[in-house]
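Please examine the structure shown here.

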Amino acid sequence: MNGEGMLAGASVLSRPAEEFENDPTVEAMWAIKAYEHAEIYFNILCSVDPRLLRLTPNDDAIYKAFRDEFPNMDVKVLNEDEMKSAEGKEKWRPFCEKFKNCVEDYSFGTLIRLDSDGEYTEANSILTTRIQFFAVELARNREGYNDGIRTKYKPGKTEQKS
């Protein structure tokens, strides 16, 4: 890719995710950008008791709103349709918008693991919004679903960019 194409891709990535209705090309660009975030988060899960993690200054409000809105959602193994189908998006949209002004980059594309027992792989990851990631991962951390990660996996080396 030439420098001009890379710059155009970077400017697209700075746009909110909801502007792109499941465009596979844009989802691929978001996934590349989100990979770094996923790698860092997973390394933290491998190193720290997840029940002690603070993901945002608004963790308590996010978790409470999530469980009020989605009391029966299984966060151990996510159902992709619950998050990404037309019906799922309609249910999630009001929840996400509640955090528009208090969670930085609330709508940015972020990778999340479908099965909380697994690591980030192509088969075990989907692209979602950052606020959905926070809601689900806060529930997983507080409800004990991420507890086994530290014993099952070791932190990986993150690539340093120059």
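Twelve salt bridges are counted, a salt bridge being a side-chain nitrogen of Lys or Arg within 4 Å of a carboxyl oxygen of Asp or Glu. The model is predicted, so local features need pLDDT of at least 70 and side-chain atom pairs count only at pLDDT 80 or more, while totals for chains, interfaces and linings use all residues. Residues are numbered from 1 along each chain as its sequence is written, and side-chain values use heavy atoms, with hydrogens and water left out.

Q: Why is the contact of K76 with D117 called a salt bridge?
A: The closest N and O atoms of K76 and D117 are 2.6 Å apart, which is within 4 Å, and therefore the pair qualifies. The pair links distant parts of the chain, 41 residues apart: K76 is in the loop between α3 and α4, and D117 is in the loop between β1 (109-113) and β2 (125-129). Helices (H or I, at least four residues) and strands (E, at least two) are DSSP runs, numbered from the N terminus.

Q: What makes K76 and D117 partly exposed?
A: Buried means under 20% relative accessible area, exposed over 50%, and partly exposed in between (1.4 Å probe, protein chains only). K76 has 29% relative accessibility and D117 has 34%, so both residues count as partly exposed.

Q: Is D60 buried, partly exposed or exposed, and why?
A: D60 has 48% relative accessibility. This value lies between 20% and 50%, and therefore D60 counts as partly exposed.

Q: What separates E137 from R140 along helix α6?
A: E137 and R140 are three residues apart in helix α6 (residues 130-142), which means that about one helical turn separates them. Their side chains meet in a salt bridge (2.8 Å, N to O), and both residues are buried.

Q: Why is L52 called exposed?
A: L52 has 66% relative accessibility; this is over 50%, so L52 counts as exposed. L52 lies in the loop between α2 (24-47) and α3 (59-69).
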